[in-house]
Amino acid sequence: MAIGLHSARPDPAQEDGAQVTMPSPLEASAQRDRRPGLKLGFSLFWRTFFLLALLLIGCTVAWLQTFRSLEYEPRAIQTGHQIASLVNLTRAALVYSDAITRVSLIKTLADQEGVRILPREPNDRFQPYTSGALDERVTEELIAQLGEGTTVASRVNDEPGLWIGFTIESDTYWLLLDPTRFSRVGGRTWLVWLSTAMALSLAGAALITRLINLPLKQLSRATLQVREGEYEAHRLDERARTNEIRAVNIGFNRMADQLAKIEQDRAIMLAGISHDLRTPLARLRLETEMSVADEDARDHMAADIAQLDAIIDKFLDYARPDHVDQRPVLLRDVIDACTYAVQDYEEMNIHVDVPADLKVMGDEVELTRVISNLVENARRYGKTPSTGVADVTIQAQANNDAVLIKVRDHGAGVEPALLVQLTKPFFRGDAARTSAAGAGLGLSIVAKNIERMGGTFALTSTPGRGLAAHIRMPRAMPAGSSKPGEVPGKKQVA
């Protein structure tokens, strides 16, 4: 078997041009994750909030328009009556007063009430009081109250104000009022009212939405933790006031408890079965060595016992607890240890292309188990049909804050539709990959261990050209490194 950075004979990967350039799906996904652009998320909270806000804003605007419509006519009539009453009182006071009292009355009205009485000249220039619909309605009401011949103006001889022209015994006068005393509510006031109503409505919508979505958010978080195997990490409130939410929380907690018990029982069962089988297997091995005279039969029996022992190891690995100790691991040392264990196999050629200083964050024992399983899987099922030898390539490279590892054989491969099934426990591939005995746990253990260490695992295959296992692990940054992914002399994984 040849092991090293460069094989003594041509690398089958170089002979297979179509497979050399096969991209890593994990590297492609990492590039998509780094692609600039805004990622929009539309949660249930914001959807509910926007719907409630739209409803409340529409109701507020409709209420405002309705109020303005209902308020418009009464305000115009009230303003017209007030002005007409003031004009009639002023006219009556002037009619029934003598000349000296009239002068004093006019001066008192001007000083104390802000009402000026001016004689109306034939050449006076005036502008009608018709700047808006409400002004026109007030003018109509004044004419109806004071009679024909009444003039309402907003400006006389370029002096602004509310001017009302009336007559006293064939004499014409102007009564000048401050228009702000009878002005309608301005647009700024309406804007303040509308802004206040909308702000209060949006605050209420946010509060209501939060109260409605909080139990669902808690359920979503708890579901995610249960999916990750953290059954006791998040318990839902079983004393919620809402009956439906309380029932859901109680049911979820009971389900999580049941799943935790099933998981614990499964692990105990697998470990117990594996442990109990070790003793009779040891006795069988000893009796085989001592009692079987035929050397060929003895070798076959010993091989079967060794295979059973290996299957038991798989069960123990699969039932192993999920806790791992994450620390920087020198990847090349792990791979060298794994390949050293199979260096005497004549049915394998391993080509290693891994930088000597490349480190990953993980558990060294678990990572060794991962590489060993992949190498053993390639030895069993990845033999090149033409040579009967398993040509295995192990490559790795740094990619920003991650390390991409690739273990590839050049065997028969599998159909792409079966790739998803290969990492399921006890699943066996097609006949081309099931010629050797096994428990169907190798790739399941690999996927499980990589996930526990915070990595990602994927398989790619081209029928007739081999199977490739891709691993993406967190990178342990070298001391003093400022930019992830910049490792001198790194090699591109084929």
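Me: In which helix is Glu289 found?

Reply: Glu289 is found in helix α8, which spans residues 243-291. The model under discussion is predicted. The relative accessible area of Glu289 is 46%, so the residue is classed as partly exposed.

Me: To which patch does Glu289 belong, and which residues gather there?

Reply: A charge patch joins like charges that lie within 9 Å of one another, taken from residues with over 30% relative accessible area and no salt bridge. In this structure, a surface patch of negative charge brings together Glu289, Asp294, Glu295, Asp296 and Asp299.

Me: Which helix gives the most to the negative patch?

Reply: That is helix α9, residues 295-318, with three residues.

Me: Why is the pair of Trp163 and Trp174 edge-to-face?

Reply: The planes of the two rings stand at 85°, with the centres 5.9 Å apart, and the pair of Trp163 and Trp174 is therefore edge-to-face. This pair connects distant parts of the chain, eleven residues apart: Trp163 lies in strand β5 (residues 159-168) and Trp174 in strand β6 (residues 171-177). Both residues are buried, Trp163 with a relative accessible area of 2% and Trp174 with 1%.

Me: What is the value of phi at Asn157, and where is Asn157 found?

Reply: The general idea comes first. Most residues other than glycine have a negative phi. Asn157, although not a glycine, has a positive phi near 50°. Asn157 is found in the loop between β4 (151-156) and β5, and it is partly exposed at a relative accessible area of 35%.

Me: What is phi at Asp158, and is that residue buried or exposed?

Reply: Asp158 also is not a glycine, and its phi is positive, at about 65°. Asp158 is found in the loop between β4 and β5. With a relative accessible area of 56%, Asp158 is exposed.

Me: How are separation along the chain and separation in space to be read for Asp325 and Glu364?

Reply: The two separations are stated side by side. Asp325 and Glu364 are 39 residues apart in sequence, while their C-alpha atoms are 8.6 Å apart in space. Asp325 is found in the loop between α9 and β7 (327-330) and counts as partly exposed at 36% relative accessibility.

Me: What separates the C-alpha atoms of Thr462 and His410?

Reply: Those C-alpha atoms are separated by 9.6 Å, with Thr462 and His410 standing 52 residues apart along the chain. Thr462 has its place in strand β12, residues 456-462. The relative accessible area of Thr462 is 26%, so this residue is partly exposed.

Technical notes: Residues numbered from 1 in each chain as written. Predicted model: local features only at pLDDT ≥ 70, side-chain atom pairs only at ≥ 80, totals over all residues. Heavy atoms only, no water. Patch = residues over 30% accessible without salt bridge, like charges linked within 9 Å, V, L, I, M, F, W, Y side chains within 5 Å. Areas by Shrake-Rupley, 256 points an atom, 1.4 Å probe, with all protein chains shown as cover. Salt bridge = Lys/Arg side-chain N within 4 Å of Asp/Glu carboxyl O. Lys, Arg positive; Asp, Glu negative; His and termini not counted. Charge placed at Lys NZ, Arg CZ, Asp CG, Glu CD. Helix = DSSP H or I, 4+ residues; strand = E, 2+ residues; numbered from the N terminus. Buried < 20%, exposed > 50% of the residue type's maximum accessible area, 1.4 Å probe, protein only. Phe/Tyr/Trp six-rings, centres within 6.5 Å; stacked < 30°, edge-to-face > 60°.
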